[in-house]
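Let's take a walk through a protein together, one region after another. Keep the structure open beside you and find each part as we reach it.

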Amino acid sequence: MRLWFEVARRSFRRWSTYRVATAAGVFTNTAFGYLRAYILIAVAAAGGAAATGWDEATLVTFAFITQALLAGTGAFGESELAERVRTGDVVVDMYRPVDLQAWWLASWLGRSSFTFLARGIPPVLLGAVVFDLVVPTTVVGWLAFLVSVLLASLVGFALRFGVNLTAFWLLDNRGLDQLVTLVLTFFGGLLLPVVLFPSWLESVARALPFAAMVQIPAEVFMGRHEGASELAAALGSQLGWFLALGLVGRMLLSAATRKVVIQGG
Amino acid sequence: MGELRVLARTYRRLVGAKIRSDWQYRLSFAFFLLSQTVVTALDLVVILVLFDVVPSLGGWDLAQVAVLYGLTTLAFGLGDLFVSQVETSADHIRAGTFDQFLLRPLPTLLQISAREFALRRVGRSIPAATTLVVALAAADIDWTLDRVLLVPVTIASGTAIFGAVWVVTASISFWAVGAREVANTFTYGGSFAHQYPLHIFARWVRTLLGWVLPMAFIAYVPAVHLLDAHNPLDLPRWLAATPPLVAVAAVLVARAVWSAGIRAYQSTGS
(Lines give C-alpha, C1' and ligand atoms only; values in the text may rest on other atoms or scores of the structure.)
Protein backbone atom coordinates (compact mmCIF):
# COMPACT_ATOMS: atom_id res chain seq x y z
CA MET A 1 0.00 0.00 0.00
CA ARG A 2 2.83 2.31 0.97
CA LEU A 3 4.46 1.68 -2.42
CA TRP A 4 1.35 2.67 -4.41
CA PHE A 5 0.95 5.76 -2.32
CA GLU A 6 4.55 6.76 -3.05
CA VAL A 7 4.09 6.14 -6.79
CA ALA A 8 0.95 8.28 -6.78
CA ARG A 9 2.63 11.01 -4.74
CA ARG A 10 5.58 11.20 -7.08
CA SER A 11 3.33 11.31 -10.12
CA PHE A 12 1.38 14.15 -8.47
CA ARG A 13 4.60 16.04 -7.89
CA ARG A 14 5.90 15.39 -11.36
CA TRP A 15 2.80 16.90 -12.95
CA SER A 16 2.82 19.82 -10.55
CA THR A 17 6.17 20.94 -11.94
CA TYR A 18 4.68 21.89 -15.33
CA ARG A 19 3.48 25.28 -14.10
CA VAL A 20 3.33 27.21 -17.35
CA ALA A 21 1.54 24.35 -19.06
CA THR A 22 -0.94 24.12 -16.19
CA ALA A 23 -1.68 27.84 -16.33
CA ALA A 24 -2.08 27.64 -20.09
CA GLY A 25 -4.41 24.67 -19.64
CA VAL A 26 -6.58 26.55 -17.17
CA PHE A 27 -6.78 29.46 -19.58
CA THR A 28 -7.81 27.23 -22.48
CA ASN A 29 -10.29 25.13 -20.50
CA THR A 30 -11.92 28.27 -19.15
CA ALA A 31 -12.08 29.98 -22.54
CA PHE A 32 -13.76 26.96 -24.15
CA GLY A 33 -16.11 26.82 -21.15
CA TYR A 34 -17.25 30.36 -21.89
CA LEU A 35 -17.68 29.71 -25.62
CA ARG A 36 -19.70 26.55 -25.01
CA ALA A 37 -21.75 28.31 -22.33
CA TYR A 38 -22.81 31.11 -24.68
CA ILE A 39 -23.73 28.65 -27.42
CA LEU A 40 -25.86 26.66 -24.96
CA ILE A 41 -27.47 29.90 -23.72
CA ALA A 42 -28.47 30.64 -27.32
CA VAL A 43 -29.89 27.11 -27.53
CA ALA A 44 -31.87 27.66 -24.33
CA ALA A 45 -33.10 31.05 -25.61
CA ALA A 46 -34.32 29.43 -28.83
CA GLY A 47 -36.47 26.99 -26.88
CA GLY A 48 -33.97 24.17 -26.49
CA ALA A 49 -34.27 24.14 -22.72
CA ALA A 50 -37.94 23.28 -22.81
CA ALA A 51 -37.27 20.43 -25.20
CA THR A 52 -34.67 18.77 -22.98
CA GLY A 53 -35.82 19.61 -19.48
CA TRP A 54 -32.49 21.27 -18.70
CA ASP A 55 -32.77 24.97 -17.98
CA GLU A 56 -30.21 27.60 -18.92
CA ALA A 57 -28.32 27.42 -15.62
CA THR A 58 -28.02 23.63 -15.91
CA LEU A 59 -26.74 23.85 -19.49
CA VAL A 60 -24.17 26.52 -18.54
CA THR A 61 -23.01 24.52 -15.52
CA PHE A 62 -22.62 21.52 -17.79
CA ALA A 63 -20.29 23.51 -20.08
CA PHE A 64 -17.95 24.39 -17.22
CA ILE A 65 -18.05 21.14 -15.26
CA THR A 66 -17.24 19.09 -18.35
CA GLN A 67 -14.27 21.37 -19.08
CA ALA A 68 -13.17 20.69 -15.50
CA LEU A 69 -13.40 16.92 -15.99
CA LEU A 70 -11.32 16.86 -19.18
CA ALA A 71 -7.85 16.66 -17.75
CA GLY A 72 -8.44 14.42 -14.74
CA THR A 73 -10.12 11.71 -16.80
CA GLY A 74 -7.51 11.87 -19.53
CA ALA A 75 -10.29 12.51 -22.02
CA PHE A 76 -7.92 13.85 -24.68
CA GLY A 77 -5.63 10.87 -24.46
CA GLU A 78 -2.58 9.70 -22.61
CA SER A 79 0.03 7.81 -24.57
CA GLU A 80 3.09 7.58 -22.34
CA LEU A 81 2.76 3.82 -21.89
CA ALA A 82 2.25 3.25 -25.62
CA GLU A 83 5.37 5.30 -26.23
CA ARG A 84 7.29 3.05 -23.83
CA VAL A 85 5.97 0.01 -25.64
CA ARG A 86 7.07 1.44 -28.96
CA THR A 87 10.57 2.25 -27.75
CA GLY A 88 10.90 -1.00 -25.80
CA ASP A 89 11.33 0.77 -22.47
CA VAL A 90 8.27 -1.08 -21.23
CA VAL A 91 10.45 -4.14 -20.69
CA VAL A 92 12.06 -2.32 -17.77
CA ASP A 93 8.60 -1.72 -16.32
CA MET A 94 7.74 -5.39 -16.71
CA TYR A 95 10.91 -6.48 -14.92
CA ARG A 96 9.82 -4.65 -11.79
CA PRO A 97 8.50 -7.00 -9.11
CA VAL A 98 5.20 -5.14 -9.12
CA ASP A 99 2.09 -5.39 -11.19
CA LEU A 100 2.27 -3.12 -14.26
CA GLN A 101 -1.44 -2.30 -14.27
CA ALA A 102 -1.43 -1.38 -10.58
CA TRP A 103 1.70 0.70 -11.08
CA TRP A 104 0.11 2.70 -13.87
CA LEU A 105 -3.10 3.02 -11.87
CA ALA A 106 -1.23 4.54 -8.92
CA SER A 107 0.65 6.88 -11.21
CA TRP A 108 -2.60 7.78 -13.03
CA LEU A 109 -4.35 8.63 -9.75
CA GLY A 110 -1.48 10.87 -8.71
CA ARG A 111 -1.62 12.76 -11.98
CA SER A 112 -5.39 12.78 -12.01
CA SER A 113 -5.68 14.32 -8.55
CA PHE A 114 -3.25 17.05 -9.51
CA THR A 115 -4.92 17.88 -12.80
CA PHE A 116 -8.39 17.80 -11.28
CA LEU A 117 -7.36 20.23 -8.53
CA ALA A 118 -5.17 22.53 -10.61
CA ARG A 119 -6.85 22.41 -14.01
CA GLY A 120 -10.38 21.45 -13.05
CA ILE A 121 -11.41 23.73 -10.23
CA PRO A 122 -10.26 27.15 -11.58
CA PRO A 123 -12.40 27.03 -14.75
CA VAL A 124 -15.53 26.35 -12.69
CA LEU A 125 -14.72 29.19 -10.28
CA LEU A 126 -14.06 31.52 -13.22
CA GLY A 127 -17.33 30.40 -14.76
CA ALA A 128 -19.15 31.19 -11.51
CA VAL A 129 -17.84 34.76 -11.69
CA VAL A 130 -19.95 35.43 -14.76
CA PHE A 131 -22.79 32.90 -14.57
CA ASP A 132 -25.09 31.42 -11.94
CA LEU A 133 -24.07 27.80 -11.72
CA VAL A 134 -26.04 24.88 -10.31
CA VAL A 135 -23.99 23.53 -7.38
CA PRO A 136 -24.59 20.62 -5.00
CA THR A 137 -26.45 21.96 -1.98
CA THR A 138 -25.97 19.04 0.41
CA VAL A 139 -22.97 17.27 1.89
CA VAL A 140 -24.22 14.04 0.34
CA GLY A 141 -24.37 15.79 -3.01
CA TRP A 142 -20.73 16.87 -2.77
CA LEU A 143 -19.62 13.43 -1.57
CA ALA A 144 -21.50 11.75 -4.41
CA PHE A 145 -19.76 14.09 -6.86
CA LEU A 146 -16.32 13.31 -5.45
CA VAL A 147 -16.99 9.57 -5.66
CA SER A 148 -18.26 10.03 -9.21
CA VAL A 149 -15.14 11.98 -10.21
CA LEU A 150 -12.92 9.28 -8.76
CA LEU A 151 -14.85 6.62 -10.65
CA ALA A 152 -14.68 8.72 -13.83
CA SER A 153 -10.92 8.91 -13.47
CA LEU A 154 -10.78 5.14 -12.93
CA VAL A 155 -12.84 4.47 -16.05
CA GLY A 156 -10.54 6.84 -17.95
CA PHE A 157 -7.55 4.91 -16.66
CA ALA A 158 -8.96 1.50 -17.58
CA LEU A 159 -9.86 2.72 -21.07
CA ARG A 160 -6.47 4.29 -21.81
CA PHE A 161 -4.52 1.41 -20.30
CA GLY A 162 -6.20 -0.95 -22.76
CA VAL A 163 -5.71 1.41 -25.70
CA ASN A 164 -2.04 1.92 -24.76
CA LEU A 165 -1.42 -1.82 -24.60
CA THR A 166 -2.64 -2.30 -28.17
CA ALA A 167 0.74 -0.79 -29.09
CA PHE A 168 2.18 -4.26 -28.41
CA TRP A 169 0.40 -5.47 -31.53
CA LEU A 170 -0.12 -2.32 -33.59
CA LEU A 171 3.28 -0.75 -32.78
CA ASP A 172 1.84 2.59 -33.85
CA ASN A 173 -1.50 2.88 -32.05
CA ARG A 174 -1.88 6.65 -32.48
CA GLY A 175 -4.64 6.17 -35.03
CA LEU A 176 -6.67 4.02 -32.64
CA ASP A 177 -5.95 6.42 -29.78
CA GLN A 178 -7.26 9.31 -31.86
CA LEU A 179 -10.34 7.36 -32.88
CA VAL A 180 -11.16 6.52 -29.25
CA THR A 181 -10.72 10.18 -28.29
CA LEU A 182 -13.07 11.24 -31.09
CA VAL A 183 -15.80 8.83 -30.12
CA LEU A 184 -15.29 9.79 -26.48
CA THR A 185 -15.67 13.53 -27.03
CA PHE A 186 -18.92 13.02 -28.88
CA PHE A 187 -20.59 10.23 -26.89
CA GLY A 188 -19.09 11.24 -23.55
CA GLY A 189 -20.91 14.56 -23.69
CA LEU A 190 -17.88 16.79 -24.20
CA LEU A 191 -19.30 18.56 -27.22
CA LEU A 192 -22.95 18.60 -26.21
CA PRO A 193 -24.86 17.21 -23.24
CA VAL A 194 -26.24 13.90 -24.45
CA VAL A 195 -29.72 15.02 -23.31
CA LEU A 196 -29.73 17.25 -26.40
CA PHE A 197 -29.23 14.23 -28.66
CA PRO A 198 -32.20 12.68 -30.45
CA SER A 199 -33.45 10.00 -28.06
CA TRP A 200 -32.10 7.03 -30.07
CA LEU A 201 -28.64 8.61 -30.09
CA GLU A 202 -28.87 9.39 -26.39
CA SER A 203 -29.59 5.70 -25.75
CA VAL A 204 -26.48 4.78 -27.73
CA ALA A 205 -24.42 7.28 -25.71
CA ARG A 206 -25.75 5.96 -22.41
CA ALA A 207 -24.95 2.38 -23.38
CA LEU A 208 -21.28 3.20 -24.01
CA PRO A 209 -18.54 3.57 -21.36
CA PHE A 210 -17.72 7.17 -22.37
CA ALA A 211 -20.71 8.70 -20.58
CA ALA A 212 -19.24 7.32 -17.33
CA MET A 213 -16.23 9.62 -17.78
CA VAL A 214 -17.88 12.99 -18.38
CA GLN A 215 -21.65 13.04 -18.73
CA ILE A 216 -22.46 11.09 -15.53
CA PRO A 217 -20.18 12.97 -13.09
CA ALA A 218 -21.50 16.25 -14.53
CA GLU A 219 -25.07 15.09 -13.97
CA VAL A 220 -24.20 14.01 -10.42
CA PHE A 221 -22.72 17.47 -9.79
CA MET A 222 -25.93 19.12 -10.92
CA GLY A 223 -28.09 16.75 -8.90
CA ARG A 224 -29.79 15.26 -11.94
CA HIS A 225 -29.83 11.81 -10.35
CA GLU A 226 -32.41 12.34 -7.65
CA GLY A 227 -32.96 9.82 -4.90
CA ALA A 228 -30.62 7.20 -3.50
CA SER A 229 -31.48 4.47 -5.99
CA GLU A 230 -30.97 6.64 -9.09
CA LEU A 231 -27.69 7.90 -7.69
CA ALA A 232 -26.56 4.38 -6.86
CA ALA A 233 -27.43 3.27 -10.39
CA ALA A 234 -25.36 6.10 -11.87
CA LEU A 235 -22.32 5.44 -9.70
CA GLY A 236 -22.81 1.69 -10.15
CA SER A 237 -22.64 2.01 -13.92
CA GLN A 238 -19.34 3.87 -13.56
CA LEU A 239 -17.97 1.18 -11.27
CA GLY A 240 -19.19 -1.49 -13.68
CA TRP A 241 -17.35 0.11 -16.62
CA PHE A 242 -14.19 0.44 -14.54
CA LEU A 243 -14.27 -3.25 -13.65
CA ALA A 244 -15.18 -4.40 -17.16
CA LEU A 245 -12.54 -2.29 -18.93
CA GLY A 246 -10.03 -3.07 -16.19
CA LEU A 247 -10.57 -6.77 -16.81
CA VAL A 248 -10.03 -6.33 -20.56
CA GLY A 249 -6.81 -4.44 -19.76
CA ARG A 250 -5.78 -7.31 -17.48
CA MET A 251 -6.27 -9.82 -20.28
CA LEU A 252 -4.41 -7.65 -22.79
CA LEU A 253 -1.57 -7.32 -20.31
CA SER A 254 -1.19 -11.05 -19.81
CA ALA A 255 -1.36 -11.64 -23.57
CA ALA A 256 1.27 -8.93 -24.06
CA THR A 257 3.49 -10.46 -21.39
CA ARG A 258 3.38 -13.86 -23.13
CA LYS A 259 4.19 -12.17 -26.43
CA VAL A 260 7.24 -10.46 -24.92
CA VAL A 261 8.48 -13.78 -23.53
CA ILE A 262 8.01 -15.50 -26.88
CA GLN A 263 9.98 -12.78 -28.62
CA GLY A 264 12.68 -13.30 -26.02
CA GLY A 265 12.44 -9.90 -24.34
CA MET B 1 10.51 39.91 -57.68
CA GLY B 2 13.31 37.58 -58.71
CA GLU B 3 14.02 36.74 -55.10
CA LEU B 4 10.36 36.00 -54.48
CA ARG B 5 10.35 33.56 -57.38
CA VAL B 6 13.33 31.74 -55.95
CA LEU B 7 11.59 31.50 -52.59
CA ALA B 8 8.39 30.19 -54.18
CA ARG B 9 10.37 27.54 -56.07
CA THR B 10 12.27 26.51 -52.97
CA TYR B 11 9.01 26.25 -51.04
CA ARG B 12 7.43 24.09 -53.74
CA ARG B 13 10.44 21.78 -53.81
CA LEU B 14 10.55 21.37 -50.03
CA VAL B 15 6.82 20.73 -49.80
CA GLY B 16 6.99 18.32 -52.73
CA ALA B 17 9.69 16.34 -51.00
CA LYS B 18 7.67 16.24 -47.78
CA ILE B 19 4.57 15.02 -49.62
CA ARG B 20 6.56 12.26 -51.36
CA SER B 21 8.02 11.12 -48.05
CA ASP B 22 4.60 11.06 -46.30
CA TRP B 23 3.19 9.19 -49.26
CA GLN B 24 5.48 6.24 -48.46
CA TYR B 25 3.20 5.39 -45.53
CA ARG B 26 -0.04 5.28 -47.44
CA LEU B 27 -2.20 3.50 -44.87
CA SER B 28 -1.10 5.85 -42.15
CA PHE B 29 -1.72 8.80 -44.47
CA ALA B 30 -5.21 7.58 -45.30
CA PHE B 31 -6.02 7.03 -41.64
CA PHE B 32 -4.89 10.47 -40.55
CA LEU B 33 -6.65 12.11 -43.49
CA LEU B 34 -9.86 10.35 -42.50
CA SER B 35 -9.54 11.31 -38.87
CA GLN B 36 -8.97 14.99 -39.77
CA THR B 37 -12.12 14.87 -41.88
CA VAL B 38 -14.14 13.23 -39.10
CA VAL B 39 -12.89 15.64 -36.42
CA THR B 40 -14.02 18.57 -38.52
CA ALA B 41 -17.30 16.96 -39.50
CA LEU B 42 -18.11 16.39 -35.81
CA ASP B 43 -18.59 20.15 -35.36
CA LEU B 44 -21.15 19.97 -38.14
CA VAL B 45 -22.86 17.05 -36.41
CA VAL B 46 -23.09 19.18 -33.27
CA ILE B 47 -24.77 21.96 -35.25
CA LEU B 48 -27.18 19.48 -36.83
CA VAL B 49 -28.04 17.98 -33.42
CA LEU B 50 -28.67 21.48 -32.02
CA PHE B 51 -31.01 22.35 -34.87
CA ASP B 52 -32.90 19.17 -34.17
CA VAL B 53 -33.88 20.80 -30.85
CA VAL B 54 -34.22 24.45 -31.91
CA PRO B 55 -35.47 26.16 -35.11
CA SER B 56 -32.85 28.93 -35.03
CA LEU B 57 -29.76 30.12 -33.16
CA GLY B 58 -29.43 33.84 -32.54
CA GLY B 59 -32.07 34.34 -35.24
CA TRP B 60 -30.12 32.42 -37.91
CA ASP B 61 -31.55 29.25 -39.42
CA LEU B 62 -29.73 26.00 -40.14
CA ALA B 63 -28.66 26.88 -43.70
CA GLN B 64 -27.30 30.24 -42.54
CA VAL B 65 -25.33 28.74 -39.66
CA ALA B 66 -24.09 26.04 -42.04
CA VAL B 67 -22.74 28.78 -44.35
CA LEU B 68 -20.88 30.22 -41.33
CA TYR B 69 -19.53 26.76 -40.52
CA GLY B 70 -18.44 26.29 -44.12
CA LEU B 71 -16.70 29.64 -44.48
CA THR B 72 -14.98 29.55 -41.09
CA THR B 73 -13.94 25.94 -41.28
CA LEU B 74 -12.70 26.19 -44.85
CA ALA B 75 -10.55 29.22 -43.97
CA PHE B 76 -9.37 27.38 -40.87
CA GLY B 77 -8.66 24.21 -42.85
CA LEU B 78 -6.62 26.03 -45.50
CA GLY B 79 -4.81 28.07 -42.86
CA ASP B 80 -4.16 24.81 -41.03
CA LEU B 81 -2.76 23.23 -44.20
CA PHE B 82 -0.37 26.04 -45.11
CA VAL B 83 0.46 27.84 -41.88
CA SER B 84 -0.47 25.93 -38.71
CA GLN B 85 2.92 24.17 -38.83
CA VAL B 86 4.38 27.27 -37.20
CA GLU B 87 3.05 26.00 -33.89
CA THR B 88 5.69 23.23 -34.03
CA SER B 89 8.23 26.00 -33.49
CA ALA B 90 7.34 25.53 -29.80
CA ASP B 91 8.74 21.97 -29.98
CA HIS B 92 11.82 23.12 -31.88
CA ILE B 93 12.46 25.86 -29.33
CA ARG B 94 12.13 23.43 -26.43
CA ALA B 95 14.30 20.80 -28.08
CA GLY B 96 16.91 23.35 -29.10
CA THR B 97 16.55 22.51 -32.79
CA PHE B 98 15.16 25.93 -33.69
CA ASP B 99 18.67 27.25 -34.24
CA GLN B 100 19.06 25.28 -37.45
CA PHE B 101 16.32 27.38 -39.06
CA LEU B 102 18.18 30.54 -38.17
CA LEU B 103 21.40 29.31 -39.71
CA ARG B 104 20.00 28.74 -43.18
CA PRO B 105 19.67 31.63 -45.63
CA LEU B 106 15.90 31.22 -45.97
CA PRO B 107 13.04 32.90 -44.07
CA THR B 108 12.28 30.90 -40.90
CA LEU B 109 8.52 30.85 -41.53
CA LEU B 110 9.02 29.40 -44.99
CA GLN B 111 11.36 26.72 -43.67
CA ILE B 112 9.06 25.61 -40.89
CA SER B 113 5.92 25.62 -42.98
CA ALA B 114 7.65 23.58 -45.68
CA ARG B 115 9.38 21.17 -43.34
CA GLU B 116 6.30 20.37 -41.29
CA PHE B 117 3.86 20.47 -44.20
CA ALA B 118 1.31 17.67 -43.89
CA LEU B 119 -0.98 17.04 -46.81
CA ARG B 120 -3.32 14.99 -44.60
CA ARG B 121 -4.53 18.28 -43.10
CA VAL B 122 -6.43 18.85 -46.33
CA GLY B 123 -8.92 16.51 -44.62
CA ARG B 124 -10.23 19.45 -42.60
CA SER B 125 -11.31 21.28 -45.72
CA ILE B 126 -13.34 18.40 -47.16
CA PRO B 127 -16.45 18.61 -44.93
CA ALA B 128 -16.14 22.41 -44.88
CA ALA B 129 -16.13 22.80 -48.65
CA THR B 130 -18.90 20.24 -49.07
CA THR B 131 -21.08 21.90 -46.44
CA LEU B 132 -20.46 25.34 -47.91
CA VAL B 133 -21.64 24.28 -51.35
CA VAL B 134 -24.75 22.57 -49.99
CA ALA B 135 -25.55 25.40 -47.56
CA LEU B 136 -25.12 28.12 -50.21
CA ALA B 137 -27.58 26.24 -52.39
CA ALA B 138 -30.02 25.69 -49.53
CA ALA B 139 -29.91 29.20 -48.07
CA ASP B 140 -32.24 31.83 -49.43
CA ILE B 141 -29.69 34.06 -51.14
CA ASP B 142 -30.35 36.92 -53.56
CA TRP B 143 -27.44 36.21 -55.92
CA THR B 144 -26.19 39.60 -57.11
CA LEU B 145 -22.76 39.98 -58.73
CA ASP B 146 -21.16 41.33 -55.55
CA ARG B 147 -22.46 38.34 -53.61
CA VAL B 148 -21.04 35.91 -56.16
CA LEU B 149 -17.64 37.60 -55.92
CA LEU B 150 -17.88 37.76 -52.14
CA VAL B 151 -17.60 33.98 -51.71
CA PRO B 152 -14.10 33.37 -53.18
CA VAL B 153 -12.80 36.69 -51.82
CA THR B 154 -14.02 35.77 -48.34
CA ILE B 155 -12.40 32.35 -48.46
CA ALA B 156 -9.05 33.80 -49.57
CA SER B 157 -9.09 36.63 -47.01
CA GLY B 158 -10.28 34.31 -44.26
CA THR B 159 -7.42 31.91 -44.95
CA ALA B 160 -4.92 34.76 -44.71
CA ILE B 161 -6.47 36.08 -41.49
CA PHE B 162 -6.41 32.62 -39.89
CA GLY B 163 -2.82 32.17 -41.03
CA ALA B 164 -1.89 35.49 -39.43
CA VAL B 165 -3.60 34.53 -36.17
CA TRP B 166 -1.64 31.27 -36.22
CA VAL B 167 1.67 33.04 -36.65
CA VAL B 168 0.90 35.59 -33.94
CA THR B 169 -0.25 33.00 -31.39
CA ALA B 170 2.61 30.62 -32.23
CA SER B 171 5.00 33.48 -31.51
CA ILE B 172 3.95 33.26 -27.85
CA SER B 173 6.41 30.36 -27.60
CA PHE B 174 9.35 32.70 -28.13
CA TRP B 175 8.52 34.37 -24.83
CA ALA B 176 6.82 31.55 -22.91
CA VAL B 177 7.80 28.00 -23.79
CA GLY B 178 5.09 25.57 -22.70
CA ALA B 179 2.21 27.97 -23.18
CA ARG B 180 1.14 26.33 -26.42
CA GLU B 181 -2.39 25.72 -25.21
CA VAL B 182 -2.98 29.46 -25.00
CA ALA B 183 -2.37 29.63 -28.73
CA ASN B 184 -4.91 26.83 -29.27
CA THR B 185 -7.55 28.90 -27.52
CA PHE B 186 -7.40 31.53 -30.23
CA THR B 187 -6.94 29.26 -33.24
CA TYR B 188 -9.11 26.24 -32.45
CA GLY B 189 -11.33 28.25 -30.10
CA GLY B 190 -11.67 31.00 -32.67
CA SER B 191 -12.69 28.60 -35.40
CA PHE B 192 -15.12 26.83 -33.03
CA ALA B 193 -16.75 30.11 -31.97
CA HIS B 194 -17.04 31.57 -35.47
CA GLN B 195 -19.12 28.66 -36.65
CA TYR B 196 -21.92 30.40 -34.76
CA PRO B 197 -23.40 33.90 -35.25
CA LEU B 198 -21.04 36.24 -33.42
CA HIS B 199 -23.83 38.12 -31.66
CA ILE B 200 -24.77 35.15 -29.45
CA PHE B 201 -21.56 35.75 -27.47
CA ALA B 202 -21.11 38.35 -24.76
CA ARG B 203 -19.61 41.67 -25.75
CA TRP B 204 -16.13 40.93 -24.32
CA VAL B 205 -15.89 37.65 -26.25
CA ARG B 206 -17.00 39.40 -29.44
CA THR B 207 -14.50 42.19 -28.93
CA LEU B 208 -11.58 39.88 -28.29
CA LEU B 209 -12.25 37.10 -30.81
CA GLY B 210 -14.07 39.18 -33.39
CA TRP B 211 -12.41 42.55 -33.65
CA VAL B 212 -9.07 42.47 -31.73
CA LEU B 213 -8.10 39.27 -33.50
CA PRO B 214 -10.13 40.32 -36.52
CA MET B 215 -11.79 36.95 -36.98
CA ALA B 216 -15.26 38.44 -37.46
CA PHE B 217 -14.01 39.26 -40.97
CA ILE B 218 -13.37 35.59 -41.72
CA ALA B 219 -17.05 34.70 -42.00
CA TYR B 220 -19.56 36.63 -39.89
CA VAL B 221 -19.16 40.09 -41.44
CA PRO B 222 -19.34 38.91 -45.07
CA ALA B 223 -22.07 36.39 -44.23
CA VAL B 224 -24.37 39.11 -42.85
CA HIS B 225 -24.40 40.71 -46.30
CA LEU B 226 -24.28 37.46 -48.27
CA LEU B 227 -27.25 35.97 -46.43
CA ASP B 228 -29.05 39.20 -45.66
CA ALA B 229 -29.29 37.70 -42.19
CA HIS B 230 -30.61 38.86 -38.82
CA ASN B 231 -28.09 41.53 -37.82
CA PRO B 232 -28.57 42.65 -34.20
CA LEU B 233 -25.14 44.29 -34.10
CA ASP B 234 -26.30 46.60 -36.94
CA LEU B 235 -23.15 46.10 -38.98
CA PRO B 236 -23.16 48.33 -42.07
CA ARG B 237 -23.30 46.42 -45.38
CA TRP B 238 -20.16 48.00 -46.86
CA LEU B 239 -18.15 46.23 -44.13
CA ALA B 240 -18.51 43.04 -46.21
CA ALA B 241 -16.03 44.52 -48.70
CA THR B 242 -13.26 45.00 -46.12
CA PRO B 243 -11.95 41.45 -45.41
CA PRO B 244 -9.14 41.72 -48.02
CA LEU B 245 -7.86 44.91 -46.34
CA VAL B 246 -8.10 43.31 -42.91
CA ALA B 247 -6.24 40.29 -44.25
CA VAL B 248 -3.35 42.42 -45.54
CA ALA B 249 -3.14 44.30 -42.23
CA ALA B 250 -3.25 41.03 -40.25
CA VAL B 251 -0.44 39.52 -42.34
CA LEU B 252 1.74 42.60 -41.81
CA VAL B 253 1.13 42.50 -38.05
CA ALA B 254 1.89 38.77 -37.97
CA ARG B 255 5.15 39.34 -39.79
CA ALA B 256 6.16 42.04 -37.33
CA VAL B 257 5.29 39.90 -34.29
CA TRP B 258 7.19 36.91 -35.67
CA SER B 259 10.30 39.04 -36.33
CA ALA B 260 10.09 40.48 -32.82
CA GLY B 261 9.85 36.90 -31.52
CA ILE B 262 12.95 35.85 -33.45
CA ARG B 263 14.84 38.81 -31.98
CA ALA B 264 13.68 37.89 -28.46
CA TYR B 265 14.55 34.23 -28.97
CA GLN B 266 17.26 32.82 -26.80
CA SER B 267 18.59 29.43 -27.69
CA THR B 268 18.47 26.69 -25.07
CA GLY B 269 22.22 26.65 -25.59
CA SER B 270 22.68 22.91 -25.56
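This is a predicted model: local features need pLDDT of at least 70, side-chain atom pairs count only at pLDDT 80 or more; totals for chains, interfaces and linings use all residues.

Which helix gives the most to the lining of the second largest pocket? The answer is H8(B), with five residues.

How can empty space be found at all? Rolling a probe the size of a water molecule over the atoms shows where empty space is left. The second largest pocket has a volume of about 650 Å³. Its lining is made of 20 residues, and those closest to the centre are Val83(B), Leu109(B), Ser113(B), Val167(B) and Val251(B). Several elements of chain B give two or more residues to this lining: helix H1 (2-23), helix H3 (62-82), helix H6 (108-115), helix H8 (145-170) and helix H13 (243-264). Sorted by class, the lining has 15 nonpolar, four polar and one charged residues.

Now move over to chain A and look at how its helices pack. Helix H3 (residues 56-72) and helix H6 (residues 100-130) of chain A have axes 7 Å apart, at an angle of about 160 degrees. Angles over 145 degrees count as roughly antiparallel, and therefore H3(A) and H6(A) are described that way. Their crossing is right-handed. On the H3(A) side, the contact is made by Phe64(A), Ile65(A), Ala68(A), Leu69(A), Ala71(A) and Gly72(A), while the residues from H6(A) include Trp108(A), Phe116(A) and Pro123(A). By class, this contact has nine nonpolar, five polar and two charged residues.

Stay in chain A for another pair. Helix H4 (residues 80-87) and helix H7 (residues 139-165) of chain A pack at an angle of about 20 degrees, and their axes lie 8 Å apart. Angles under 35 degrees count as roughly parallel, so that is the label for H4(A) and H7(A). H4(A) passes H7(A) in a right-handed crossing. Here Glu80(A), Leu81(A) and Ala82(A) of H4(A) meet Phe161(A), Asn164(A) and Leu165(A) of H7(A). The contact has four nonpolar, one polar and one charged residues.

Our last stop brings the two chains together. Helix H2 (residues 19-52) of chain A packs with helix H10 (residues 180-193) of chain B at an angle of about 15 degrees, with the axes 8 Å apart. That angle makes H2(A) roughly parallel to H10(B). How is their crossing handed, left or right? The crossing of H2(A) and H10(B) is right-handed. Among the residues that meet here are Phe27(A), Phe32(A) and Leu35(A) in H2(A), and Phe186(B), Tyr188(B) and Phe192(B) in H10(B). By class, the contact between H2(A) and H10(B) has 12 nonpolar, five polar and two charged residues.

Methods
Residues are numbered from 1 along each chain as its sequence is written. Chains are lettered from A and ligands numbered from 1 in the order in which they are written. Side-chain values use heavy atoms; hydrogens and water are left out. On a 1 Å grid over the protein atoms alone, a cavity is a set of points where a 1.4 Å probe fits but cannot get out, and a pocket is an open set with protein on both sides within 12 Å along at least five of seven lines; lining residues have an atom within 4 Å of a point. Grid points are joined across faces, edges and corners, and a volume is the space filled by probe spheres set on the points. Helices (H or I, at least four residues) and strands (E, at least two) are DSSP runs, numbered from the N terminus. Ala, Val, Leu, Ile, Met, Phe, Trp, Tyr, Cys and Pro count as nonpolar, Asp, Glu, Lys and Arg as charged, and the others, Gly among them, as polar. Axes are lines fitted to C-alpha atoms, for helices over the stretch in contact, and angles run from 0 to 180 degrees between N-to-C directions. Angles under 35 degrees count as roughly parallel, over 145 as roughly antiparallel, 65 to 115 as roughly perpendicular and the rest as oblique. A crossing is left-handed if the near helix is turned anticlockwise from the far one by less than a right angle, and right-handed if clockwise. Contact means heavy atoms within 4.5 Å.
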